[in-house]
Every structure is written in C-alpha cells, then in structure tokens.
Amino acid sequence: SESPGADDLYCPDEGVLRGRVLTAQGGPLAGAAVRITITNQPVALVSEWTNRAGEYSVGCLLPGGYTVEIARLGHVLPGGGTTYQASATVKEDEPVAALPDVVFERASVATGSIVDGHGEPLGGAVVRALQVRYVRGRATAVAVGVERRSDDRGAFRLYGLGPGQYLVKASAGASLYAENRGRATGYTPLFYPGTPSIEAAVQAR
C-alpha cells in the first residue's frame, strides 16, 4: 500500500474564521478556548486556543454557517456570563470571515461562611449570588454564576463573578438532628448579612 503524500494532506477548502480575544485593558488574552461547530450541529468541528497575541484562526472550512464559542477560565464577559457565542458565515466569494474582537475581564470571587441560629457552622447550605438589574424601571434580582454549597465548616466560595454589586442568598432544606428527636428543622432563606427580606439585604461588592 502507498503512504499518504503531501497531496493527501492538502486542504482544498479555503474558508477561514479568525478573530482576536482581548482583556478589559485592551491587551491580548492568550489561552482562551475557541470552539467552532457547524450551525445546528452540536458536535465540535474544531477546538483550539488563542495564541500569545490573543488571536485565533481556523481554516479548511467549507462555505456555510458556523457557531463560534469562546471562553477563558477565570474570566467573564463584561455583560455577564462566561461564554461568548456568535454566528459566522464562510462564503465562496469571501472565504475569510473576520469576527469582531471579544473582550473578557478577570472574574471576581466572593467568600464567606454560614452559621445556624446557635452560631454553629452550617454545612450543605446552597449559596448563590444575585445581581440587581432594572427592567422597564423595575428592580429584578437575577441569579448569576454557579450556585455552591457550604462545606463542613460552613464556608463557601462563589467564583466566576464580574465586577459589580451582588446580593448573596443562602438556603438550606430541612435536616434531621438527633437532638430534635426526629423532627425536621427547616431554615428560612436568608440574604446577606442575615435577613429574610430582599429589601433589607446589603449588596456585597
């Protein structure tokens, strides 16, 4: 049998998707993951990372529609969220498609601890951050980031948050304790610094 030669490795399709990922300060952001799929087909066609100049370039693409997803560990988009998504089209008469610059900013982390009514650490409490946003003049608390549970010391760590002010909400389901003789003890969801009322909650920044 014949070994594959240079002609067998040649890519006849000239379609290219390229772009650049930047930091909030305008510098290049290397190491951002770029995932490209054919529109309406969820299986990844190409996955690569931005180079030191923050650039990516994916070639050998057939004419058609593509979905581009970009994410960087420890970074978030300025408007919220961790993954940038856009549609792009490679045309036969315009095989090179340049996408707009994508900007990420470094994510923030919120830490704290949860205690019960006796001041003892409360493990297993669900903790999440909410951000107040105004829709048609009305304030709405929108969950952001990923919810976490407090550990056995009552400590929690919320990461992947962009700059801004947040409400921190903690809730715990009914638990069984030996001293309660089999009765379930429930906890009312609380907002930082320890109030059940969202109006009385203090935003952390």
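Residues are numbered from 1 along each chain as its sequence is written, and side-chain values use heavy atoms, with hydrogens and water left out. Because the model is predicted, local features need pLDDT of at least 70 and side-chain atom pairs count only at pLDDT 80 or more, whereas totals for chains, interfaces and linings use all residues.

Strand β1 spans residues 15–23. Strands here are DSSP runs of type E with at least two residues, and helices are runs of H or I with at least four; both are numbered from the N terminus. Seven of the nine residues of β1 are buried, so the strand is largely enclosed by the rest of the structure. Buried means under 20% relative accessible area, exposed means over 50%, and partly exposed lies in between (1.4 Å probe, protein chains only).

Strand β1 has several partners. Two strands count as paired if DSSP finds at least two bridges between them. Strands of a sheet pair through backbone hydrogen bonds, either parallel or antiparallel. With β4 (residues 55–61), β1 pairs in the antiparallel sense over five bridges. Within this pairing, R20 has E55 of β4 as its bridge partner. Strand β8 (residues 96–98) runs parallel to β1, and three bridges join the two. The bridge partner of L22 in β9 is V103.

Another group of strands forms an open sheet. Its four strands follow the order β12-β11-β14-β17, with antiparallel pairing. Strands β12 and β17 (190–191) are the edges, and each pairs on one side only. Nine bridges join β11 to β12.

The largest nonpolar core holds 21 residues. A nonpolar core is a set of buried Ala, Val, Leu, Ile, Met, Phe, Trp, Tyr and Cys residues joined through side-chain atoms within 4.5 Å. Inside this core, the residues with the most contacts are L17, V21, V68, I70 and F104. Strands β1, β2, β4, β5, β7 (83–90) and β9 each supply at least two of its residues. The most comes from β7, which gives four. Residue V21 touches a set of residues beyond four places away in sequence, including G27, P28, L29, Y56, I70, V102 and F104. Apart from this core lies another, of 13 residues, among them V144, Y166, A170 and A172.

Residue T37 lies in strand β2 (residues 33–38). At 6% relative accessibility, T37 counts as buried. Leaving aside neighbours within four places in sequence, T37 is in contact (heavy atoms within 4.5 Å) with P42, V43, A44, L45, Y66 and T67.

Charged side chains were examined next. Side chains of opposite charge can pair when their charged atoms come close. The structure holds four salt bridges. A salt bridge places a side-chain nitrogen of Lys or Arg within 4 Å of a carboxyl oxygen of Asp or Glu. One of them joins R35 and E69, at 2.8 Å from N to O. This pair links distant parts of the chain: R35 sits in β2 and E69 in β5 (residues 64–71), 34 residues apart. R35 is partly exposed, at 29% relative accessibility.

A salt bridge also joins E147 and R128, at 3.5 Å from N to O. E147 lies in β12 (residues 138–149) and R128 in β11 (residues 126–135), so the pair ties together parts 19 residues apart in sequence. E147 is partly exposed at 42% relative accessibility, and R128 is partly exposed at 22%. The side chains of D151 and R153 meet at 3.0 Å, N to O, in a further salt bridge. D151 is partly exposed, with a relative accessible area of 26%. R153 is exposed, with 59%.

The peptide bond from Y192 to P193 is cis, with omega near 10°. P193 lies in the segment after β17. Residue N40 has a positive phi, near 70°, although N40 is not glycine. N40 lies in the loop between β2 and β3 (44–49) and is exposed, with a relative accessible area of 76%. C60 also has a positive phi, near 60°, in a residue other than glycine. C60 is placed in strand β4 and is partly exposed, with a relative accessible area of 45%.
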